[in-house]
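The chain and its model are shown below.

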Amino acid sequence: MGAGNVDEAISVMDRGAGLDALAIPGGGYVDGEWITDDLSLAVTDPEDDALIARVHVGDTATMERAIAGVQRSLRDDAWELWERREALERAAALIRQESTRLARIISAESSKTITEATREAARTAETIRLSAASGHLLEGETLALADTPRGAGRFGWNRRAPLGVIAAITPFNDPMNLVAHKVGPALIAGNAVVLKPAKTTPLSALALLDILLRAGVPKGRMAVLVSERDAGTALVSDPRVAAVSFTGGPVTGDALVRAAGARKILMELGGNNAVVVCEDGDVAAAAAGIVDGAFGVAGQNCLSVQRVYVHESRYRELVDLVVDGTSKLVVGSKRDSATDVGPLISEREARRIEGWVDEAVAEGATLAIGGGRRGAFYDPTVLLDVADDAKVLRDEVFGPVVSIVAYRDLDDALARVDDTDFGLQAGIFTASMATAMHAAERLHVGSVLVNETSDFRIDSMPFGGSKRSGVGREGVASAVLEMSEPKNVIVSLLG
């Protein structure tokens with residue numbers, strides 16, 4: 001089904017009529033062919049558990065076919081850089097043309113409201129466009145052979161060569177744009193990709209694959225397969241896989257590294273992000289940013305604001321503004337454009353968060369607002385007086401919960417920001433450039449945002465964190481370099 005039938009696809013899709021209604025050709029893609037039978041995994045809407053479609057679940061034998069197929073394409077299918085660029089440019093245009101359909105798919109299978117999903121579809125087009133524009137990064141450099149006596153009579157250069165087969169493993173919270181962040185850079189660099197999307201949100205990945213194929217990506221260059229753990233382990237441990245790119249939690253990341261062994265690993269493993277509001281900071285701007293950053297996508301965002309440290313002289317003012325802003329959020333159906341906060345990805349996750357909040361309250365925390373659960377929905381929640389060792393401060397909540405803590409000394413607040421295993425991003429609100437630069441130097445995180453919360457990135461910037469937040473950097477340009485390697489050519493001038 002093409003873009004001209006998008007409205008029809010949307011109306012049928014809302015009745016849960018399956019892959020055909022989504023204009024997705026199959027429930028998996030291996031060795032250049034769509035899988036249209038043995039669709040055993042039900043993909044459901046977390047809002048009401050309604051069936052959306054069914055997809056294939058690959059076993060180790062199917063994963064073996066997937067790896068062999070993309071490796072064969074690398075060997076047999078010539079695909080020059082200019083062809084790669086043009087295919088990705090066409091794909092970006094198709095994503096923009098079909099953004100309404102894609103947003104409905106993203107929202108239906110994930111936690112995103114239709115407004116949030118619409119933004120993700122637009123960002124996916126941007127990520128693919130940026131990937132297409134990154135071919136120049138592969139050009140390399142000349143070698144300074146003349147700078148040493150041993151280099152006399154020689155000249156040389158390098159260009160960046162593809163690594164080979166990339167294993168890409170993606171999570172549920174940004175089910176299309178995070179796929180684009182792995183696939184786009186991998187393809188422009190000349191690699192092949194075996195993609196294992198989250199079992200809860202595979203449809204966005206399959207829809208993006210279909211667009212890439214229609215745009216001219218060679219049919220064997222990618223495979224997309226939901227799988228159980230054994231097949232996933234077979235993927236990352238296969239000697240034909242040159243690199244593994246993973247976004248998810250640190251526990252899974254540890255298991256993946258043990259299985260993958262000594263090969264290139266790229267990981268984004270989440271965060272426990274903090275915002276510092278100084279005595280001279282713009283409290284109104286900080287409060288608005290905290291409400292947006294803590295509760296967007298029901299808090300299921302690696303950049304989500306989880307902890308706030310505010311100078312004691314501005315504590316009550318900030319708390320009142322954050323609570324007031326939180327009280328105005330609309331919690332409801334993802335399909336309603338007026339909704340601000342939809343469900344979590346599952347009732348199980350909502351129950352986990354409920355348990356963490358109840359535990360914090362039992363240990364002395366004050367519930368300023370929120371704390372209610374209805375199925376997979378959990379109300380946006382603001383906690384005060386939280387014990388330092390509470391899970392909601394120590395671990396990644398990945399839900400709509402933010403804790404606000406007063407501080408007296410800035411260096412103490414910065415030390416508390418760093419007192420976590422994670423180091424993804426942090427924000428600071430201050431009118432002093434000296435204070436901002438002091439924080440930027442002091443904090444051990446991947447990005448420090450001044451007069452912004454942690455919840456901001458653009459898709460072109462280097463993205464990743466320190467400590468347990470990850471290994472390597474994503475962001476399109478950084479990922480292109482990570483997914484390629486320099487190959488030297490040295491010419492000796494005989495005679």
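## The sheet as a whole

In this predicted model, seven strands make up an open sheet, and their order is E16-E19-E20-E15-E14-E22-E23. The pairing within this sheet is mixed. At the edges lie strand E16 (366-369) and strand E23 (447-450), each of which pairs on one side only. On average, neighbouring strands of the sheet are turned by 25° against each other, with direction ignored.

Let's zoom in on strand E15, which spans residues 305-311. This strand is mostly covered, with seven of its seven residues buried.

On one side, E15 is joined by five bridges to strand E14 (residues 273-277), and the two run parallel. Within this pairing, Val276 has Tyr309 of E15 as its bridge partner. To get from E14 to E15, the chain passes through helix H11 (residues 283-295), giving a right-handed β-α-β crossover.

E15 also pairs with strand E20 (residues 401-407): five bridges link these two strands, again in parallel. Here you will find Arg307 standing opposite Ser403 in E20.

## From E20 on to E19

Which strand do four bridges join to E20? That is strand E19 (residues 381-384), which runs parallel to E20.

Notes. Residues are numbered from 1 along each chain as its sequence is written. This is a predicted model: local features need pLDDT of at least 70, side-chain atom pairs count only at pLDDT 80 or more; totals for chains, interfaces and linings use all residues. Side-chain values use heavy atoms; hydrogens and water are left out. Buried means under 20% relative accessible area, exposed over 50%, partly exposed in between (1.4 Å probe, protein chains only). Two strands pair if DSSP finds at least two bridges between them. A crossover is right-handed if, with the strands pointing away from the viewer, the path from the first strand over the helix to the second runs clockwise. Axes are lines fitted to C-alpha atoms, for helices over the stretch in contact, and angles run from 0 to 180 degrees between N-to-C directions.
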